[in-house]
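User: Here's a structure I'd like to go through with you. Let's take it one question at a time.

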Amino acid sequence: AGALALLEHLAAEGVTDVVATPHMLDGRFEVTPDRLRTALAALRAAAQEAGIGVALHPGAEVVAQAGLEAMVRDGTAVTLAGGGRYLLVETSFHVVPPELDRLVFALALEGVTAILAHPERILEVQRRPDSLAPLVAAGMLLQVNATSLTGHGGDGPRAAAFALLDRGLVHLVASDAHDVHHRPPRLAAAQALLRARVGEREADALLRGRPEQVLRGAVVETPRGGRPATGRGRARRLSWWRRARAAM
């Protein structure tokens, strides 16, 4: 019931596609690719029966760790939308691991681009927003939570999110929603803030264009990378939805 309520909420905010990204390989939740597929199939059926017109896609938020590129290769770590092109990773909330640059390179050799989830929540990034610039230059993408922009994640993450945004280091904005009541999406509110800060074109790229490119496995246009990120076909607002027990 909680998952369906969240899907209804996302649909009301204009979301057309949701990538479910439960925690994976974090030592806490035993989320496997098979369990994820089974849970997602059940939720798809329930959503269809309830008349909720949101497309659901597989994914995961994977802890950055040694050997992750091999886990992607053998299918142990699930890429976003299952396309094999983009992997959502998270790190400690204290520092940016020094080995992250090696992981970004190792994944790139496998044809996979690392997307760092909620970097604005990392204390080191809050102190030094420029610390992630070399990793972005090496090909990593940064994804900020909508709730950080709205201030619901606290003052530190909010300030860091806008500092990264002002530096052109943010590529995607996601809901990171867990449920309707305690961690709702807040995408509509974030959209209004983004339009005021970076303009309608870049706001649309952050919420629609680049997420759609990730969903299709296409090359993501960077904020300062030339052509506008408009996507293809009808405009979509996508949601990387992380719910800790989605695949349990």
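**Buried spots, packing and confidence**

User: Is V18 buried or exposed?
Analyst: This is a predicted model, so local features need pLDDT of at least 70 and side-chain atom pairs count only at 80 or more, while totals for chains, interfaces and linings use all residues. Residues are numbered from 1 along each chain as its sequence is written, and side-chain values use heavy atoms, leaving out hydrogens and water. Buried means under 20% relative accessible area, exposed means over 50% and partly exposed is in between (1.4 Å probe, protein chains only). V18 has a relative accessible area of 0%, so V18 is buried.

User: Which strand holds V18?
Analyst: Strands here are DSSP runs of E, at least two residues long, and helices are runs of H or I of at least four, numbered from the N terminus. V18 sits in residues 15–20, which make up strand 1.

User: How far apart are the C-alpha atoms of V18 and H57?
Analyst: Along the chain, V18 and H57 are 39 residues apart.

User: Which residues touch the most other members of the largest nonpolar core?
Analyst: A nonpolar core is a set of buried Ala, Val, Leu, Ile, Met, Phe, Trp, Tyr and Cys residues joined through side-chain atoms within 4.5 Å. The largest one has 58 residues, and the ones touching the most other members are L7, L87 and M140.

User: What is the size of the other core, the one with Y86?
Analyst: This core lies apart from the largest one. V19, L88 and L172 are among its members, along with Y86, and its size is eleven residues.

User: At what angle do helix 9 and helix 10 cross?
Analyst: Two packed helices are described by the angle and the distance between their axes. Axes are lines fitted to C-alpha atoms over the stretch in contact, with angles from 0 to 180 degrees between N-to-C directions. For helix 9 (residues 187–198) and helix 10 (residues 200–216), the axes come within 7 Å and cross at roughly 145°.

User: Which residues of helix 10 meet helix 9?
Analyst: Contact means heavy atoms within 4.5 Å. From helix 9, L187, Q191, L194, R195 and V198 take part. Their partners in helix 10 are E200, E202, A203, L206, L207 and R208.

User: What is the mean pLDDT of the protein?
Analyst: pLDDT is the predictor's confidence in each residue, from 0 to 100. In this protein, 89% of the residues reach 70 or more, and the mean is 88.
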